[in-house]
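This report covers strand pairing and the nonpolar cores of one predicted model.

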Amino acid sequence: MKETVAIAHPNFALVKYWGKKDSKQNRPAMSSISVTVNSMISKTKIFKNSQSNHHQLFINGVEESDLSNILPPLMYLSEFSKSEDYLVIQSQNNFPTSSGLASSASGIASLVTAYEAHYDLQLEVNQKIEACILGSGSAPRSLIGGFVLMDYKNNYSCRQILEETEWPLDVLICIVSKEPKKISSREGMLISKKTSPIYQNWLDVNDRHINIALNAIKEKNFARLKNVTEKNCKLMHEVMKTSKPSISYLTEVTHSCLSEIENLRSLGHKLFYTIDAGPQVKIICEPQSSETIKNRIIDATDVIEIIHAGIGGSPKVLNEN
């Protein structure tokens with residue numbers, strides 16, 4: 001029986017999107033800029049399901065009853081493959097799942113990559129983006145390594161700003177909790193769009209933040225990228241906080257990490273942070289400071305662990321047999 005395995009890396013947004021333009025088609029309401037990370041991996045194996053007449057999804061060995069994230073991409077891809085196969089999809093993450101670490105982005109990107117190879121589709125880039133976005137609004141960014149722009153104004157096209165080797169920063173992912181989120185990103189975005197009084201301001205500021213970050217990355221200007229990334233992160237969490245009901249993913253340990261980041265800056269280390277829809281803190285820093293930063297955060301806070309990553313590349317097919 002033919003099996004195909006592919007891997008993809010998660011990405012973390014520096015200029016974020018929070019909110020959908022079109023929930024049915026899963027379209028983000030704004031552009032975003034992200035960095036792909038290398039040591040975190042979603043590995044997905046697919047093969048024909050000869051035991052039943054439906055798709056089956058296993059994440060980290062546990063069968064999932066909710067297939068709502070994978071069915072739209074599979075339906076779209078089947079238009080190209082002309083296959084009526086039902087599939088077994090086995091996905092493994094080497095990092096906590098559904099806890100604010102972009103597992104849906106890397107999971108969907110690895111599934112689309114495996115499916116394309118399995119049926120030898122030779123898809124265009126825009127077709128892979130479409131397949132990914134139907135499963136996760138941030139998944140298209142995981143199709144590309146390095147620093148990535150997802151352009152809302154240009155039909156959600158994705159392009160690389162810098163390759164992973166051009167600005168080799170380190171990313172320290174501070175794991176504050178391994179528990180799944182109580183409010184999913186999709187649900188949270190709907191709540192914020194409907195109820196936050198500053199949601200329109202969040203939309204209006206996007207162009208400015210995108211342009212500042214784009215130029216900062218092209219120029220490798222650490223200070224400017226730090227300022228816009230943290231400002232964008234704070235505004236997104238303020239949108240969540242002002243939603244009804246109020247949404248907060250941050251914990252006491254999250255806040256203790258932020259305090260230590262300020263202490264490290266006062267000692268002269270170059271670092272900045274971003275936090276997505278979850279409690280985990282992602283620190284971007286210069287490689288020469290990463291060990292000091294890591295040790296300080298571990299000693300001074302109650303983080304569970306710190307994943308040390310660099311800038312990651314695009315998805316890969318591992319085998320077809």
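Val-35 stands opposite Phe-147 in S10. Strands here are DSSP E runs of at least two residues and helices are H or I runs of at least four, numbered from the N terminus; two strands pair if DSSP finds at least two bridges between them. The pairings of S10 are as follows.

| Pair | Bridges | Direction |
|---|---|---|
| S5 (residues 32-36) and S10 | four bridges | antiparallel |
| S10 and S11 (residues 157-162) | five bridges | antiparallel |

Five residues separate S10 and S11 in a hairpin, and Asn-155 in its turn has a positive phi of about 55 degrees. S10 is largely enclosed by the rest of the structure, because four of its five residues are buried (under 20% relative accessible area, 1.4 Å probe, protein chains only).

The model is predicted: local features need pLDDT of at least 70 and side-chain atom pairs pLDDT 80 or more, while totals for chains, interfaces and linings use all residues. Residues are numbered from 1 along each chain as its sequence is written, and side-chain values use heavy atoms, without hydrogens and water.

A nonpolar core is a set of buried Ala, Val, Leu, Ile, Met, Phe, Trp, Tyr and Cys residues joined through side-chain atoms within 4.5 Å. The largest has 33 residues, of which Ile-70, Ile-89 and Tyr-115 touch the most other members. Elements giving two or more residues to this core include S10 (147-151), S1 (3-8) and H2 (103-118). H2 gives the most, with seven residues. A second, separate core of 30 residues includes Phe-95, Ile-217, Leu-225 and Ala-309.

Conventions: Buried means under 20% relative accessible area, exposed over 50%, partly exposed in between (1.4 Å probe, protein chains only).
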